[in-house]
2 protein chains.
Amino acid sequence: MTARNIARFWEWGRKIICVGRNYADHAKELKNAIPTEPVVFLKPPSAYLREGSPILVPLYSNDLHHEVELGVVIGKGGTAIPQSTAMEHVAGYALCLDMTARDIQEECKSKGLPWTMAKGFNTSCPVSDFIPKERIPDPGNVQLWLKVNGKVRQSGSTSQMIFSVPYLISYISDFISLEEGDLILTGTPKGVSAVQEHDELQAGIQDILTMNFKLVKQKSRI
Amino acid sequence: MTARNIARFWEWGRKIICVGRNYADHAKELKNAIPTEPVVFLKPPSAYLREGSPILVPLYSNDLHHEVELGVVIGKGGTAIPQSTAMEHVAGYALCLDMTARDIQEECKSKGLPWTMAKGFNTSCPVSDFIPKERIPDPGNVQLWLKVNGKVRQSGSTSQMIFSVPYLISYISDFISLEEGDLILTGTPKGVSAVQEHDELQAGIQDILTMNFKLVKQKSRI
Ligand SMILES: [Mg+2]
Ligand SMILES: [Mg+2]
Ligand SMILES: [Mg+2]
């Protein structure tokens with residue numbers, strides 16, 4: 001196999017590991033308890049979306065929410081990675097959206113069902129260009145924001161995270177080995193809100209980059 | 001990139017999509033309602049395990065269960081695949097185990113949390129050799145069994161599935177696009193039970209193949 005380009009991790013990376021409720025103010029806005037350990041769930045790589053293609057509102061959801069998040073791109077795999085060396089496993093970052101069918105997620109939560117339909121549908125993981133590690137010297141102190149139709153909805157700093165990037169890498173790799181090209185979504189600050197067809201999302205990370213996505217309704221098969 | 005060998009799908013396939021409660025008798029034994037639509041969840045590809053390596057009992061679980069399942073290996077990707085052409089997307093099959101930390105799953109269900117820790121840990125997806133499509137003319141009529149230390153625990157026919165293989169392919173691909181190398185786990189018949197360190201699992205699919213796995217306790221980091 002030819003060498004894989006980490007700057008295009010979404011084309012070949014094999015997993016997207018997401019952390020929920022990692023900002024206290026967001027946990028509160030959804031009326032969830034502040035977690036004592038990370039809440040971990042998965043999206044499939046088929047959820048990846050790049051600028052230029054629209055985010056689909058799933059046919060089965062009437063309450064699609066945006067969550068802007070710092071994504072951590074793994075450069076070197078490992079199992080049971082200590083916090084002290086966790087940052088050596090990071091190749092870089094990406095600005096990411098964790099698109100969430102909140103109505104379906106609430107239903108799953110109340111029925112004790114997995115979150116896959118709420119979190120794993122096609123286009124549920126829009127990602128920016130790859131950001132080399134050097135551009136973000138401290139992933140625990142970076143500003144993220146998201147606007148819907150030009151209006152700011154989310155604006156926060158990763159300094160508000162409950163569990164740090166090294167902590168998450170260590171915690172996850174204790175039971176799910178990390179591989180080159182994996183992506184970890186680190187949670188969202190408060191301000192999540194519903195979006196619909198024709199809305200325009202713009203998100204940014206400090207002065208590093210911005211990205212734009214339009215929303216369209218998923219077409220039914222017939 | 002050189003051509004990928006579908007007979008080694010676990011080395012490069014990007015997702016494992018699992019269906020829960022797809023046999024009425026198993027749904028009943030866990031006191032779950034018979035589902036009216038498939039219960040779908042994910043394992044990461046890091047969960048794959050091959051014969052010769054042991055299944056790990058996660059440090060955090062005291063109630064690890066076996067679930068023997070027919071796995072469907074996707075040969076041709078697609079989105080919103082109709083049932084009528086679904087079988088054209090199948091390259092073959094594998095005998096699979098959906099190893100489940102039942103205690104953690106029950107906790108997740110009661111707290112409305114995702115199932116990832118219960119279902120997605122390393123070694124939670126042991127798989128057999130690839131079975132070419134021709135060897136199983138009707139995936140809706142094949143016998144599966146599993147023994148623990150020589151004693152039969154599970155024995156059932158895929159004819160007892162609530163949702164058929166073509167139905168599942170169509171249902172899943174409506175919201176999660178399928179790709180070459182993906183694996184779909186189709187659910188387990190009744191008889192799931194707890195296993196521990198030193199137990200030996202043997203599973204088989206009709207007269208096609210058998211596979212064996214030992215259990216060891218996950219080592220703590222220190
Ligand atoms: Mg899940
Ligand atoms: Mg999120
Ligand atoms: Mg199962």
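**Close-up views of a predicted two-chain model**

**View 1. Surroundings of helix H5 of chain B.** In this predicted model, the buried residues of H5(B) pack against helix H3 (116-119) of chain A and, within chain B, against strand E1 (16-20), strand E2 (39-43), strand E6 (68-74), strand E7 (90-97) and strand E13 (183-185). Helix H5 of chain B covers residues 165-173, and seven of its nine residues are buried, so the helix is largely enclosed by the rest of the structure. These buried residues are Val165(B), Leu168(B), Ile169(B), Ser170(B), Tyr171(B), Ile172(B) and Ser173(B).

**View 2. The interface of chain B and chain A.** Contact involves 42 residues of chain B and 42 residues of chain A. About 3300 Å² is buried between the two chains, and carbon and sulfur atoms give 56% of this area. On the chain B side, Arg14(B), Phe175(B) and Arg221(B) lose the most area to chain A, together 23% of what that side buries.

**View 3. The relation between the two copies.** Chain B is superposed on chain A by a rotation of 180° with 0.0 Å of shift along the axis, at an RMSD of 0.0 Å. The two copies are thus related as by a two-fold rotation axis. Both copies use the same surface, since 100% of the contact residues of chain B recur in chain A.

**View 4. The magnesium ion (ligand 2) in chain A.** The protein donors of this ion are Glu67(A) (OE), Glu69(A) (OE) and Asp98(A) (OD), which lie 2.0 to 2.1 Å from it. Along the chain, the donors follow the spacing E-x1-E-x28-D. Glu69(A) in strand E6 (residues 68-74) and Asp98(A) in the loop between strand E7 (90-97) and E8 of chain A are 29 residues apart, and this pair links distant parts of the chain. Glu69(A) is buried, with a relative accessible area of 1%. Asp98(A) is also buried, and its relative accessible area is 1%.

**View 5. An open sheet of three strands in chain A.** The strand order is E8-E5-E14, and the pairing is antiparallel. Strand E8 (100-101) and strand E14 (194-195) of chain A stand at the edges with a single partner strand each, so one side of each is left without a neighbour in the sheet. Strand E5 (residues 64-65) of chain A is joined to E14(A) by two bridges. Within this pair, His65(A) stands opposite Ala194(A) in E14(A). Strands of a sheet pair through backbone hydrogen bonds.

Note on methods
Residues are numbered from 1 along each chain as its sequence is written. Chains are lettered from A and ligands numbered from 1 in the order in which they are written. This is a predicted model: local features need pLDDT of at least 70, side-chain atom pairs count only at pLDDT 80 or more; totals for chains, interfaces and linings use all residues. Side-chain values use heavy atoms; hydrogens and water are left out. Copies are superposed by least squares on the C-alpha atoms of residues with pLDDT of at least 70 in both. Contact means heavy atoms within 4.5 Å. Two strands pair if DSSP finds at least two bridges between them. Helices (H or I, at least four residues) and strands (E, at least two) are DSSP runs, numbered from the N terminus. Donors are N, O and S atoms within 2.8 Å of the metal (3.2 Å for Na, K and Ca); water is not among the atoms, so sites may look incomplete. Buried means under 20% relative accessible area, exposed over 50%, partly exposed in between (1.4 Å probe, protein chains only). Buried area is the accessible area (1.4 Å probe) that two parts lose on being put together, summed over both.
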